[in-house]
Amino acid sequence: LAAYAKAMLGMVLHRDNRAEERDMVIRNIEQLLVRDDENQTAYLNLGNEGYWWYWYGSEYEAHAYYLKLLALTGRVTDWKAPYLVKYLLNNRKHATYWNSTRDTAICIEAFADYLKASKEDRPNMTVEILVDGKKRKEVQITPENLFAFDNVFVMEGDAVTAGQHKIEL
């Protein structure tokens, strides 16, 4: 089976409470996993040279279904899932889409699954911006304002002085 199909199989095995077989499938997929610490990414070395044009050879869909499997099984706390998310984000065409509407939709769906599983969709934090040790801005981020909080800090004109500055979040 292709990695794409193995990830789907793992999801079905999870649904059917067949954890031992599911974990075997995950281990089998992870034999293809390549970790790139320099870029903080991970990808599956699929070896798709012979069938990349078929739907089951889609690199991005295979990665997305593997991410969905990790999210479904709660395996989002180690390095694999966040590194995979970053790999997928970094490999969009023109920073907006993947190869097709189909694999773009599957990648976005996998990101949503990851956000829910990692609880990143429910932040509760206060972010302070300090410039040279002085607090310049404070923002509360909650689930209610996650997509609407004031996420901009601008310094311009006379506020930007010559020399080195230390910016802390």
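**A walk through the fold**

Let's start with contacts (heavy atoms within 4.5 Å): of those in the chain with a separation of 6 or more, 51% are between residues 24 or more positions apart. The model is predicted, so local features need pLDDT of at least 70 and side-chain atom pairs count only at pLDDT 80 or more, while totals for chains, interfaces and linings use all residues. Residues are numbered from 1 along each chain as its sequence is written, and side-chain values use heavy atoms, leaving out hydrogens and water.

The C-alpha trace spans about 60 × 35 × 30 Å along its principal axes.

Now look inside. Of the 169 residues, 33% count as buried, meaning under 20% relative accessible area, with exposed over 50% and partly exposed in between (1.4 Å probe, protein chains only). Helix H4 (residues 80–90) has Lys-80, Ala-81, Tyr-83, Leu-84, Val-85, Tyr-87 and Leu-88 buried. The cover over these residues includes helices H2 (19–30), H3 (59–72) and H5 (101–118), along with strands E1 (33–36) and E2 (41–44).

Next come the charges. The structure holds 14 salt bridges, each a side-chain nitrogen of Lys or Arg within 4 Å of a carboxyl oxygen of Asp or Glu. In one of them, the closest N and O atoms of Arg-75 and Asp-23 are 2.4 Å apart. Arg-75 sits in the loop between H3 and H4 and Asp-23 in helix H2, so this pair ties together parts 52 residues apart in sequence. Arg-75 is partly exposed at 29% relative accessibility, and Asp-23 is partly exposed at 21%.

Further along, Asp-150 and Lys-137 form a salt bridge with their closest N and O atoms 2.8 Å apart. Asp-150 belongs to the loop between strand E4 (134–141) and strand E5 (167–168), and Lys-137 to strand E4, so the pair links parts 13 residues apart in sequence. Here Asp-150 is partly exposed at 47%, whereas Lys-137 counts as buried at 14%. Back at Arg-75, salt bridges that share partners join Arg-22, Asp-23 and Arg-75 into one network.

Key
Helix = DSSP H or I, 4+ residues; strand = E, 2+ residues; numbered from the N terminus.
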